[in-house]
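Dear colleague,

I am passing on the structure we spoke about, together with the notes made while going through it. Please read them alongside the coordinates.

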Amino acid sequence: MDNYERISGEVTAAGARLVAVSKTKPVAMIRALYDRGQRIFGENRALELRDKQPELPDDIQWHMIGHLQTNKVKYIAPFVAMIHSIDSFKVLEEVNKQADRNDRMIDCLLQFKVAREEEKYGFDRASAKAMLEAPEFAALQNVRICGVMGMATFTDDMDVVREEFKNLKAIFEELKTSFFQGADAFREISMGMSGDYETALEEGSTMVRIGTLLFGERG
Ligand SMILES: *Cc1c(COP(=O)(O)O)cnc(C)c1O
């Protein structure tokens, strides 16, 4: 975990926030980073998140960063601080329903496909706009859309990665102008992982999601 100080310093200097991605890692490792001051942790599987949360301090902000099946939303709805991976209206509707049941508001990001790879999950501009214009979307009272999330192509070619981050930033700006004027909560661009977070910060990331550099390789 020697990288923690350096990376959190870089992220803070850029005015962004660090999501420590702890998927597959034991609670003892999460606790160790917590003891050094880290408060935001990210997990990509609902059941793993459900199981870890009660084992760790209450003031951790848990971020869900992986594809969420509708039948699993109920397990994390009582406590999740932010869901980065809203990739369909269907899942957003379910998050709204479960948030309502728990008498709370859940902060969400819309996940976009920006990589060259065939990505399974996420919106493109047209599908996001269609959702945001629909009356069914306007009816959701227990979710707050706080911005966008995306993953760049897994490549060493940083020019490709940079273009994809620029594209995600452009999508953010378009949505802000068209749908979220004056909505102060719409301000997050979640982009950047262990291999590309420096480029992401240069391109305007407000939240980087870093696992490997903090916790080591996953088995
Ligand atoms: C695992 C994961 C990360 C972190 O990846 P690293 O390369 O280990 O930093 C970031 N975002 C998502 C969506 C992930 O699933």
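Ser22 is buried, with a relative accessible area of 0%, where buried stands for under 20% relative accessible area, exposed for over 50% and partly exposed for what lies in between, using a 1.4 Å probe and protein chains only. The model is a predicted one, in which local features need pLDDT of at least 70 and side-chain atom pairs count only at pLDDT 80 or more, whereas totals for chains, interfaces and linings use all residues. Residues are numbered from 1 along each chain as its sequence is written, and side-chain values use heavy atoms, with hydrogens and water left out.

Ser22 belongs to the loop between β1 and α2; helices (H or I, at least four residues) and strands (E, at least two) are DSSP runs numbered from the N terminus. The side chain of Ser22 makes a polar contact of 2.7 Å with that of Glu43, a polar contact being a pair of N or O atoms within 3.5 Å, of which, within protein, one must be able to donate a hydrogen and the other to accept it, while residues adjacent in sequence count only if both atoms are side-chain atoms. Once its neighbours within four places in sequence are left aside, Ser22 is in contact (heavy atoms within 4.5 Å) with Ile30, Phe41, Gly42, Glu43, Glu48, Lys52, Trp62 and Phe215.

Thr24 is found in that loop between β1 and α2 as well, but Thr24 is exposed, with a relative accessible area of 51%. Most residues other than glycine have a negative phi, yet the phi of Thr24 is positive, near 70 degrees. Asp103, in the loop between α5 (89-101) and β5 (106-112), also has a positive phi, of about 60 degrees, although it is not a glycine, and at 71% relative accessibility Asp103 counts as exposed.

In α1 (residues 3-13), the buried residues include Tyr4, Ile7, Ser8 and Val11, and because they cover an arc of only 95 degrees around the axis, they lie on the same side of α1; the arc is that of the directions from the helix axis to the C-beta atoms. The face turned away from this buried side carries the exposed residues Glu5 and Ala13, while the cover over the buried residues of α1 includes β1 (17-21), α2 (27-35), α9 (197-202), β8 (207-210) and α10 (212-215). After α1 comes Gly15, with a positive phi near 75 degrees.

In α2, the buried residues are Ile30, Leu33 and Tyr34, and they fall within an arc of 105 degrees when seen down the axis, so they line one face of the helix. Ala28 and Asp35 are exposed on the other side of α2. The buried residues of α2 pack against α1, β1, β2 (40-43), α3 (46-52), β3 (61-64) and α10, and just after the helix Gly37 takes a positive phi of about 115 degrees.

A nitrogen atom of the ligand is 2.9 Å from an N or O atom in the side chain of Arg209, and an oxygen atom of the ligand lies 2.8 Å from a backbone N or O atom of Gly211. A polar side-chain atom of Arg218 is likewise 2.8 Å from an oxygen atom of the ligand. The protein covers 90% of the 390 Å² of accessible area that the ligand has on its own, as computed by the Shrake-Rupley method with a 1.4 Å probe, where for residues only the protein chains shown count as cover.

With kind regards
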